[in-house]
Amino acid sequence: MAVRRRQRLGPGGGRALLGALLLLLCVWCRAAAERVRYAIAEELGRGSLVGPLARDLGLSADELPARKLRLSEEKQYFTVNEENGNLYVNERLDREEMCGESATCSVSFEALVHNPLNIFHVEVSIEDVNDNSPVFSKAVLDLDIGELIPPGARFPLEMARDSDAGSNSMLTYQLTSNPSFSLSMKEKPGGKKQPELVLESVLDREKQSSIELVLMAVDGGDPARSGTVQVRINVTDANDNPPVFTKSVYEARVAENLPVESVVLRVRATDADAGSNGRVSYSLGGVPDSVRALFIIDSESGEVRTAGPLDFEEKNKYVFTVEATDGGGLNDDCEVQIDITDENDNAPEITILSLSNPVPEDAPVGTVVALMKVRDRDSGENSQVTCELSGEAPLSIVASPGGSYKVVTSGALDREQASEHRVSVVARDRGRPALRSSRELAAYSAYVAENNAAGALVLRVQARDADAGANGRVSYWLAGGSAGAAGAAPLVSVEARSGALYAQRSLDYEQCREFTVAVRAQDGGSPARSSTATVRVFVLDRNDNAPRVVPRSAEAGYLVAKVVAVDADAGRNAWLSYELVQASEPALFRVGLHSGEVRTARAVGERDAAKQRLVAVVKDHGQPALSATATLHVVLAESLQEALPELSERPAGAEAAAAELQFYLVLALALLSALLVLSVALAVVARLRRAGPPAVLRCLGAQRFSLAGAAFPADFCEGTLPYSYNLCVPPPARAVPEAAWPPPPPVPILSAEELLGGDSCGKPSPNSSDLVVGEQPANPDVPQVCKYRTLIVCQPSS
């Protein structure tokens, strides 16, 4: 490679370069600060439209193939369509599951575009719908009310819980009619209302010892939802005084990670009665199971203790009710509010959004090498993160709003001096003590053929540690990944000491074509330090699927064929995209932009011509872009009898070679058959001359021989379903001189399945049903395209 000479920039050149860099930085900051916002209702089904993301980002439909719009992998709630750029729901969204009791709920993620590489922030607000009914914690509420209690006494009832938000969670209560009781509402902190049972007349245990009522809670949704609970009142002897809490609200503030069974606070209630009527016991009111898993109360002392670990990042405030009940059945309640304070217990998390590997050595200064996002789940100073690069390399890191960072080249790259640079991103928070994490900017790629054996070696990763002894002893672990719908962890495993990745099971190209997995390298020090690398595994296709016919009854989306191209270049120069440039019926077929799959765009109609001609073009992303074309001839038919006239009228050109090959095969077969019959006839004549004619032939007179010509059986095309095969046709054979006696070995007579099942010419196609036709192109940088011809044959009935 020629060595470039560096020229010193004069004062004017330096100012121009500085101005260009400032302009580039301003454009980046402005683009990164843009945020696209959408609002959708929860519980939308998969595939529901969120919004025209590409249009809102200023991308036209013509730009989408080149800009490669995609979403960051840290959020899987939404997906973007590669063809129209619309944002769709990827899975059902449950606002209560995602945001709990929070007043607002939204999902934020990044949208990436290439050429040039940029990042946009997208925020989708999830609006609540009334999909939850009010629920009581018990099926029956038992109340003990003593006789002789004067009218006007109030008995608090349990409040129902509604998981919805806003007006959908505002509850009203109704009570079945009863002359002895009525319903009243008591205002609670936060605007909630608690139902209370009001005694309207004195009870007489001798007349009625128990009363049953039904309490109904109705939310504010449209339509409204309701829940009921049975109130069972046991009339007991007189209990003059109910218990009374010393406070209506108890508050406490504790740090997260508090040890289990630690005392948080203590509640206290007094009762003026004596004996069992004055003995008070404490219990948690109608609280959800999530609160009961974290807090318990001593029924005698009123101490509230922790029952599980508290996590500020999961929830930072808990509000629940404590009830005090005396021996006579009277009760009172108070509210407990516990605030959780944050501790620096979460290290920064580094997510690589995009990584350009390899990087051309002639890349200009400021070229974006990687995009990443760093976040810390803590709050306050504990969540404030700074990032830096470790390792000697002409790279620098630049921060952008929203916790995003980009790694750019800060100097010239020279492959002859250093063919690779090992660089790690180190993120530290501002907590006390500070926590840090690092991630190496490394990406591994592996290629595995499908139908591999379980336990096959995929590749080896390697990490180096400059420390000695246990501090430098590296072990490897799987840190996560994705493989479409299934996780990548079950697909591969890693050996802790060697870093070798093994396939856990046989891979299927038709089910999973590629997946990524993150491998974490961790040393043996205390505290341990680690780094993570991304491994991208590509599954290669094998010919393990039988082809199928294209019937006239095919619906929209039916797979017709697949155009496969191979480009000898690497990087962006090998990124390929497909499109149809010519078609007999432009609206009938479409081709996948990146997959090359030719599918029906609509249902096949009776008026569609039986013969269809398609021309597909494949382009790379080099500068300048190179392209190649492939012509596909498709015959629409429900049976072989219907397709035979179309097959017999093949156009000249590429199909002439197939017709010529078939002619030579039939001619050779006919010649061999004639030679065989002639040889047998000569042998019989010679034998008859020596032995004399048989008596039967002498009685019949002249000898007769049946020389019937070769013919196809009458039921040759009486089969079940027609099948479509792709035939690899070599160039026309040269004329062979007439063979001398004795004749050459006879050509084996092959069945249609054996004739069509031969090896393909050229490289194997990624699609198992596609056989490549054509010769190797002269220019290796031009994508190699498989050309297809469709032959319809019949499979005999069983």
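Predicted model: local features only at pLDDT ≥ 70, side-chain atom pairs only at ≥ 80, totals over all residues.

The chain has 798 residues, of which 38% count as buried. Its secondary structure comprises 47 strands and 9 helices. Among contacts with a separation of 6 or more, 67% are between residues 24 or more positions apart. The accessible surface amounts to about 44700 Å², and carbon and sulfur atoms contribute 52% of that.

Let us turn to strand β42, residues 597-600, which pairs with strand β38, residues 559-562. The two run antiparallel and are joined by 3 bridges. Within this pairing, Ala561 has Val598 of β42 as its bridge partner. Strand β42 also pairs with β41, residues 589-591, again in the antiparallel sense and over 3 bridges. Here Arg590 is the bridge partner of Arg599 in β42. The hairpin of β41 and β42 has 5 residues between the strands, and Gly596 in this hairpin adopts a positive phi near 75°.

My next point concerns Ser404. Is Ser404 buried or exposed? Its relative accessibility is 2%, so Ser404 counts as buried, the cut-off being under 20%. Ser404 belongs to strand β28, which covers residues 404-409. Beyond its neighbours within four places in sequence, Ser404 contacts Ile119, His121, Met372, Lys373, Val398 and Ala399.

I come now to the backbone. As a general rule, most residues other than glycine have a negative phi, and most peptide bonds are trans. Which residues depart from the rule on phi? One of them is Leu148, with a positive phi of about 70°. Leu148 lies in the loop between β8, residues 140-146, and β9, residues 154-156. Its relative accessibility is 64%, and Leu148 therefore counts as exposed. Asn451 likewise has a positive phi, near 65°. The loop between β31, residues 443-449, and β32, residues 457-460, holds Asn451. With a relative accessible area of 39%, Asn451 is partly exposed.

There are also cis peptide bonds to report. One joins Arg432 and Pro433, with omega about -5°. Pro433 sits in the loop between β29, residues 424-429, and β30, residues 436-440. Another cis bond runs from Gln623 to Pro624, with omega near 0°. Pro624 is placed in the loop between β43, residues 611-619, and β44, residues 627-635.

Thank you for your attention.

How values were computed: Residues numbered from 1 in each chain as written. Heavy atoms only, no water. Helix = DSSP H or I, 4+ residues; strand = E, 2+ residues; numbered from the N terminus. Buried < 20%, exposed > 50% of the residue type's maximum accessible area, 1.4 Å probe, protein only. Contact = heavy atoms within 4.5 Å. Pairing = 2+ DSSP bridges. Areas by Shrake-Rupley, 256 points an atom, 1.4 Å probe, with all protein chains shown as cover.
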